[in-house]
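Hi everyone, thanks for coming. Let me put the structure up, and then we'll walk through a few spots together.

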Amino acid sequence: MLLIIPAIDIAGGKCVQMVRGTEGYVYSDHPVEMAKLWRKENAKSLHVTDVDGAREGRLVNFETIELMVKTVDIPIELGGGFRSLDEVKKALDLGIYRVVLETMLIENPEEARRALETWGPSKIVAGISVLDGIVRMRGWTRSSGIPAVSLALNAKELGFKRILYTEIAADGTLAGPNIPAIRQIAEASRLRITVSGGVSGLDDLLRLQELEPLGLDSAIIGRALYENRFSCQNIWRLCEAGEFPYTARV
């Protein structure tokens with residue numbers, strides 16, 4: 001069974017749901033309380049995005065993220081705002097379990113390689129956020145002009161072992177994941193893959209699970225969890241049966 005990871009997107013200090021890259025819903029004024037709720041619901045890991053940080057190129061909601069790390073006893077993966085080794089170190093020193101590199105991977109691949117060499121592929125993963133097959137960067141505000149599969153292969157050459165693949169057109173829409181695109185990048189790269197964007201319920205998870213032999217082992221879910229589209233407790237119990245200790249393996 002896939003590992004299910006709740007998403008917490010932070011913008012303006014609030015817990016929001018982005019829809020195709022723009023702010024669509026505000027679920028809570030207190031992201032830390034949401035982290036506590038998901039932990040209470042038996043989540044094994046959290047995916048946090050500093051939306052403001054992704055746009056500004058630095059960690060913006062640092063104090064909120066710091067409090068979250070201190071409050072819950074499960075690993076937190078963090079994306080948004082990592083353009084330098086200093087920002088990566090700042091997050092990992094804080095206690096963040098895993099950092100997602102997106103813009104750095106495109107604009108400064110040698111810096112991304114140094115991050116891998118310094119902290120290892122279990123701590124550093126490649127973020128590939130895609131619109132119409134082309135990777136977006138700088139908080140999804142700019143096109144890189146690079147096809148998703150090409151960037152995945154570049155990441156593999158640099159030494160990455162895992163991709164976080166996000167389908168921007170589906171993000172926050174409950175429209176379902178882009179299975180053909182995920183299959184394509186999985187078959188081409190043969191890396192471990194976490195997917196994000198579009199999951200609306202159990203049927204989508206079962207469709208994604210068919211790609212497990214290709215390396216897909218985890219899914220980040222936001223809106224469908226916040227809107228109670230399936231039983232959190234039951235989903236995570238199923239995940240436990242897959243013997244995931246806390247977060248998806250390297």
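This is a predicted model: local features need pLDDT of at least 70, side-chain atom pairs count only at pLDDT 80 or more; totals for chains, interfaces and linings use all residues.

Overall, the count comes to 15 salt bridges.

Here's another of them: R138 and E107 meet through their side chains, 2.9 Å from N to O. R138 sits in the loop between β8 and β9, while E107 is in helix α5, so this pair ties together parts that are 31 residues apart in sequence. R138 is partly exposed, with a relative accessible area of 24%, and E107 is partly exposed too, at 39%.

Now look at helix α6, residues 109–119. Which of its residues are buried? They are E111, A112, A115 and L116. These cover an arc of only 150° around the axis, so they end up on the same side of α6. As for what they pack against, that's α4, β6, α5, β7 and α7.

E111 also has a salt bridge, with R114, and the closest N and O atoms are 2.5 Å apart. Both lie in α6, three residues apart, about one turn of the helix. E111 counts as buried because its relative accessibility is 13%, whereas R114, at 37%, is partly exposed.

Last stop: helices α7 and α8. Their axes come within 9 Å and cross at roughly 30°, and the crossing is right-handed. On the α7 side, the contact is made by A148, V149, A152, L153 and K156; α8 brings Q184, I185, A188 and S189. Those contact residues divide into six nonpolar, two polar and one charged.

Technical notes:
Residues are numbered from 1 along each chain as its sequence is written. Side-chain values use heavy atoms; hydrogens and water are left out. Axes are lines fitted to C-alpha atoms, for helices over the stretch in contact, and angles run from 0 to 180 degrees between N-to-C directions. Helices (H or I, at least four residues) and strands (E, at least two) are DSSP runs, numbered from the N terminus. A crossing is left-handed if the near helix is turned anticlockwise from the far one by less than a right angle, and right-handed if clockwise. Contact means heavy atoms within 4.5 Å. Ala, Val, Leu, Ile, Met, Phe, Trp, Tyr, Cys and Pro count as nonpolar, Asp, Glu, Lys and Arg as charged, and the others, Gly among them, as polar. Buried means under 20% relative accessible area, exposed over 50%, partly exposed in between (1.4 Å probe, protein chains only). The arc is that of the directions from the helix axis to the C-beta atoms. A salt bridge is a side-chain nitrogen of Lys or Arg within 4 Å of a carboxyl oxygen of Asp or Glu.
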